[in-house]
Amino acid sequence: MTTKSIPMKPAIDGRMVRHSVRQVLVTVLLMSVTLLIIIPFLWMLAMSFRTTGEILTDPYGLPTRLNFDNYSKLFFDPEIGFYRYFGNSSIVTLGALMLTLALSTLGGYGFGRSRYDFRFRGWLFALLLFALMLPPQIMYIPQFQMMTKYGLLNTYWALILLYTASQLPVSTYLMATYFQSLPEELEEAARIDGASDLRVFRQVMLPLARPAVATVILINFLQFWNELLLAVTMVTKPDMRTLPAAMMLFVGENSADYAMAASSLVAAMLPILLLYIFLSDKFIEGLTAGALKG
Amino acid sequence: MTTKAHASPGTFTSAAVSSRNVARKKPWGPILLFLAPVMLFYAAFVLYPVGATMYNSFHTIEANLGQITTTFVGLDNYKALPDDKIFIQAVKNTFIWSTVGPTIELITAVGLALLVYFKVPFFRFYRVAWFTPMLVSGVIVGLVWRWIFNYDWGLLNVGLRAIGLDSLAVNWLGRRDTPLAVVIFVHFWATFGFSFVLVLAGLSTISNDLVEAARVDGASTRQIVWRVLIPLLRPVLITVTLLSFMGKMRAFNVVWVLTGGGPLHFSETVATYIQKRAFLWRSIDLGYPSAMAVAWFGIVLLGVGLLKLWLGRKETY
């Protein structure tokens, strides 16, 4: 905005006033939206630091002091043993992550490099992506039957295998797209030096694909950690439940003990939220990359 | 496919020549090595189950004294669908959700993205903050909002009563007409951040020069928005709408925890109903819910196809 230096104009003209008024209004609006988005989290946080007695008398007061009792009971009380559910979720998530990475990097390489193209490769790729259209309901009844038949119900394997299957299309697609964009020279050079395809993959191309691998890890970590449908269907033994499934049980049983329930909710949210605070840009880009490229 | 027609110094050495000849033969070994694991795993855990569900849908599967008997019933399961009142209710609810939800989401996401786009202070903060609900497990979302909407002491009603709007403090989760609205709102709260970020990303790919040129030509902000930005955003908006629609047709987590499809099926969706039919109710017949799943898949495909047609047609001026 250029300022006019004609002395007879008033110092603040109408347009400038309207502009800053609009700025303020917009900021107020956006901050209120932010508040609306965040209020549930804040309320949970506040409740988790109080005792149930305090909550019952005054549901919306602020905690008088930071009371960590709920959390220590949550984690250290052997009867509740929240750590068990964290453990289950971690094992399942890590297992599925590793399996997904192994399959999708190999597959992405095979689908992405022109060297491995053949007549039906496009068809196979389309077949793989077809699963993106499928609602999970169409698969999980037979998946349940399969798990029962092979005695895998209530084991980690049930979830590890099925979680991997659910995320293979997206992960393979991301890896394939990335591998496709890598130049051929390094591959050629390594092969001229006598390296086998597998060695080329392992020692040359895969290290180059770090950004895509990071994205795949982030996306899948989120999906596996928060998954509910399969977790509830395939695992019914309380001890073996993952966090989301355990939360349903837990809050149901403790619905009168609001303080404990609140702290369990906060505790369950914590890993992802902490990760997010440090990696927010990567998260957002990774989760939207697939959508925009499609 | 790349053409290797460079005349670089190494092109005519024997090493280079023999490597080019080797490149002509398809490396089937490596191809198998790389593609087989993925495809086999996929076939076993995705393709086979889909096929099995379709197969199941033509049968009635019963467990009598530990023995599972599968009887072929042809299209009976499908024929029973239109008479199933709960199924019809669920379909209605899911459709209402899949049309109202994406509409609200699109308008809000675009509106806010535009506001933020015009270089409001803190815009990176908004992007990060508004995306947060997407990360929280559906269970937590459902549970927290169940408490907020609680009739007696939930945040919403307490707040309404505090400012004197007692008449609005209704039993949100217990009446006939409100649970579905609650589900739609809560799910919107959880997923709006995703659409917002997508639209924002789309906006940021629009070159500033275009906007500048329009301004120089004297266009008002409103004209810039409607004549320049929105048309350029069309692909992103279509993607957002499609994704949102598909997401709501299949959503499970939030509904299940928030209302469980209740009360009395007033907020039942197809996803929750299939879950109940297959795993919760005493009827061990897996054939019927399979038919439901297959039929629903067909309906989703149809919906997406129609939506694509409707949205795509406007593209040709």
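1. Helix α4 (residues 85–117) of chain B packs against helix α10 (residues 221–250) of chain B at an angle of about 145°, and their axes lie 9 Å apart. The crossing of α4(B) and α10(B) is right-handed. On the α4(B) side, the contact is made by T94(B), W97(B), S98(B), G101(B), P102(B), E105(B), L106(B), A109(B) and L114(B). From α10(B) come V225(B), L237(B), V240(B), T241(B), S244(B), F245(B), K248(B) and M249(B). Sorted by class, the contact of α4(B) with α10(B) has 10 nonpolar, 5 polar and 2 charged residues.

2. A word on chain B as a whole. Its secondary structure comes to 13 helices and 2 strands. Chain B has 317 residues, of which 36% count as buried. If you take the contacts in chain B between residues at least 6 apart in sequence, 72% of them join residues at least 24 apart.

3. Now to where the two chains meet. Chain B brings 71 residues to the contact and chain A brings 66 residues. On the side of chain B that touches chain A, helix α2 (residues 28–57) of chain B gives the most, with 17 residues. That side of chain B divides into 58 nonpolar, 10 polar and 3 charged residues.

4. Chain A deserves a look at its domains. It is divided into domain 1 (14–70) and domain 2 (80–253). Taken over C-alpha atoms, the centres of domain 1 of chain A and domain 2 of chain A are separated by 38 Å.

5. Among the elements of chain A, the highest mean pLDDT belongs to helix α4 (residues 82–112) of chain A, at 92, and the lowest to helix α2 (residues 52–57) of chain A, at 68. Over residues 1–13 of chain A the pLDDT is below 50, and this stretch has 2 contacts in the model beyond near neighbours in sequence. Please keep in mind that where pLDDT is low, the predicted coordinates should not be read in detail.

6. N154(A) has a positive phi of about 60° although it is not a glycine. N154(A) sits in the loop between α6 (137–149) and α7 (156–180) of chain A. Because 16 other C-beta atoms lie within 10 Å, N154(A) is partly exposed. In chain B, H265(B) also is not a glycine and has a positive phi of about 65°. H265(B) is placed in the loop between α11 (253–258) and α12 (270–280) of chain B. H265(B) counts as buried because it has 20 C-beta neighbours inside 10 Å, and 20 or more is what the buried class requires.

7. A261(A) belongs to helix α13 (residues 258–293) of chain A. Is A261(A) buried or exposed? A261(A) is buried, because 24 other C-beta atoms lie within 10 Å. The C-alpha atoms of A261(A) and T52(A) are separated by 9.7 Å, while the two residues are 209 residues apart along the chain.

Technical notes. Residues are numbered from 1 along each chain as its sequence is written. Chains are lettered from A and ligands numbered from 1 in the order in which they are written. This is a predicted model: local features need pLDDT of at least 70, side-chain atom pairs count only at pLDDT 80 or more; totals for chains, interfaces and linings use all residues. Two residues are in contact if their C-beta atoms, placed from the backbone, lie within 7 Å. Helices (H or I, at least four residues) and strands (E, at least two) are DSSP runs, numbered from the N terminus. Ala, Val, Leu, Ile, Met, Phe, Trp, Tyr, Cys and Pro count as nonpolar, Asp, Glu, Lys and Arg as charged, and the others, Gly among them, as polar. Domain bounds come from an automatic or database domain assignment. pLDDT is the predictor's confidence in each residue, from 0 to 100. A residue is buried if 20 or more other C-beta atoms lie within 10 Å of its own, exposed if 12 or fewer, and partly exposed in between; C-beta atoms are placed from the backbone. Axes are lines fitted to C-alpha atoms, for helices over the stretch in contact, and angles run from 0 to 180 degrees between N-to-C directions. A crossing is left-handed if the near helix is turned anticlockwise from the far one by less than a right angle, and right-handed if clockwise.
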